[in-house]
Amino acid sequence: MAAAPLRVLACGDVDGRLEALFGRVRAIQGKSGRFDMLLCVGNFFGSTSETEWAEYRTGAKKAPIPTYVLGANDQETVSYFPEVSGCELAENITYLGRRGLYSGTSGLQIAYLSGTESQDEPAPAYSFSPKDVTELKTSLLSTPNFKGVDILLTSPWPRDVGTFANSAGEIDTKKCGSKLVSDLAASLKPRYHFAALEKAYYERLPYRNHTVLQETPQHVSRFIALADVGNTSKKKYLYAFSIVPMSLMDPAELVKQPQDVTENPYRKSRKEAQKTKAPLCAEDEPACQFFFDLNKHQGKKRPSDEKERGNSQPKQAKKTPQPTGPCWFCLASPEVEKHLVVSIGTHCYLALAKGGLLPDHVLILPIGHYQSVVDLSSEVVEEVTKYKSALKEFFRSKGKRYVLFERNYRSQHLQLQVIPVPLDHCTSEDIKESFIAQAQEQQIELLEIPEHSDITQVAQPGTPYFYVELDTGEKLFHRIRGRFPLHFGRAVLASEALLALPQRADWRRCAAERAEEAAQARAFRRDFQPFDFALRA
């Protein structure tokens, strides 16, 4: 028999408005039935709390529901919390303590951390330090078969919680909140995480706690920030939900992934720690030196940013992946057919494909030597994303949508193939179905991965793979374990179901004269110019 769910209320900053809060709770219970507990994050007490609080402290009034609160966030309210390890403040009102795990008879596990972030050791009475967070993590993660906690209560938001997610409105999640709380949430994997202090309501899309296709699926986490009690803007400050303790749930039910799940906002890319600088080109020179001013003096080098700023200090050479032989795509290489280049940024460039499926079939390529997307440094990834956005806008202006694919198999240098398809010719769903159907015919397993996922989360550096990305953000992925048809991506797009150009499936059969290629490049460059961010740099 399935366990009965607990009915829980969570609340943002009370700021001493006890009558307003408990009046609202009574009204909710009168309408919807009893709840098992009320969890309060943020400032429970305020500067004018004493009069209202005295009635509860003396027993003249009683909270209508078992209420659990976090500690002080400023010096002014420290005196309301006499015991560091937690205590009963009044009948039905319990202070949880500075940090720890509350586990009731129901089996529900609630991790909590009181106060705001401080780097001082020891931290003030109203703050937590890196040591506090480390000790809390260690005590919980050392538990045998630890999978996560049901609920995490903190007063500050976690820093970067908005990454990969829906907008948090006026709150800048890259600047707001605590990095220590982010680290805690990433480690404890709470099913629900509540915070306050920003006077705002924000319910983030659920995020996953595992790496797709690499780790066993785990439960998702939901972050909810709540506003302050009685706020005049009528922002939500009470959140009602039902929850069955993790320990009592069927494992398959626990790890179900909702359709709107996103990537984990706290998981840093492996590359960030490994690559802090852009790679060097073939001659151990900075990649940024190979700039060509295409709209005025074709083929002439422009000085690098360092020289423009008068910085003549020599750079330390850095070991980076080098081509095993002549590379057709390193921009510094003499093998590059520069008449096909149509745009050059700081770290990437665009070139028309040789023997393109269509005249506007274009490649996004890194200037330096990288084998695949998963090897790129963060600076290159950022510029690849800019080119994707520019190409999406460019092709949409012409009534087209692009399909992008990469084959990291029997290739030396990353090539992101970008091929436009007329909007009135087929839908994005048609394109996905064509790829999946033709993959199945050739015993290729193409898996759909969530649109908020990063390809680096499903493929390790050095892993052969093929992936397709639509300009909607939808992605299909195949890990190559044996032989793989080299022209698969192009053949699907050339098929009768999509572009109906089967005779152009092999690029070698589509060779054109150099003069024709140069004319096509000039035409693309001219049309793309209003969308080319590199010209505005």
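A charge sits over a ring if NZ of Lys or CZ of Arg is within 6 Å of the ring centre and within 35 degrees of the ring normal. In this predicted model, the charged end of arginine 7 sits over the ring of phenylalanine 35, 4.1 Å from its centre.

Residues are numbered from 1 along each chain as its sequence is written, and side-chain values use heavy atoms, with hydrogens and water left out. Local features need pLDDT of at least 70, side-chain atom pairs count only at pLDDT 80 or more, and totals for chains, interfaces and linings use all residues.

I turn now to aromatic pairs. Rings of Phe, Tyr and Trp (its six-membered ring) pair if their centres lie within 6.5 Å; planes under 30 degrees apart count as stacked, over 60 as edge-to-face and the rest as tilted. The count by this rule is 30 aromatic pairs. Phenylalanine 394 and phenylalanine 531 have ring centres 5.6 Å apart and planes at 65°, so the pair is edge-to-face. Phenylalanine 394 is buried, at 3% relative accessibility, where buried means under 20% relative accessible area, exposed over 50%, and partly exposed in between (1.4 Å probe, protein chains only). Phenylalanine 531 is also buried, with a relative accessible area of 18%.

In a further pair, phenylalanine 466 and phenylalanine 488, the ring centres lie 5.4 Å apart and the planes stand at 75°, so this pair too is edge-to-face. Phenylalanine 466 counts as buried at 1% relative accessibility, and phenylalanine 488 is buried with a relative accessible area of 2%.

Finally, ring pairs join Phe44, Phe45, Trp53, Tyr80, Phe81 and Tyr95 into a cluster.
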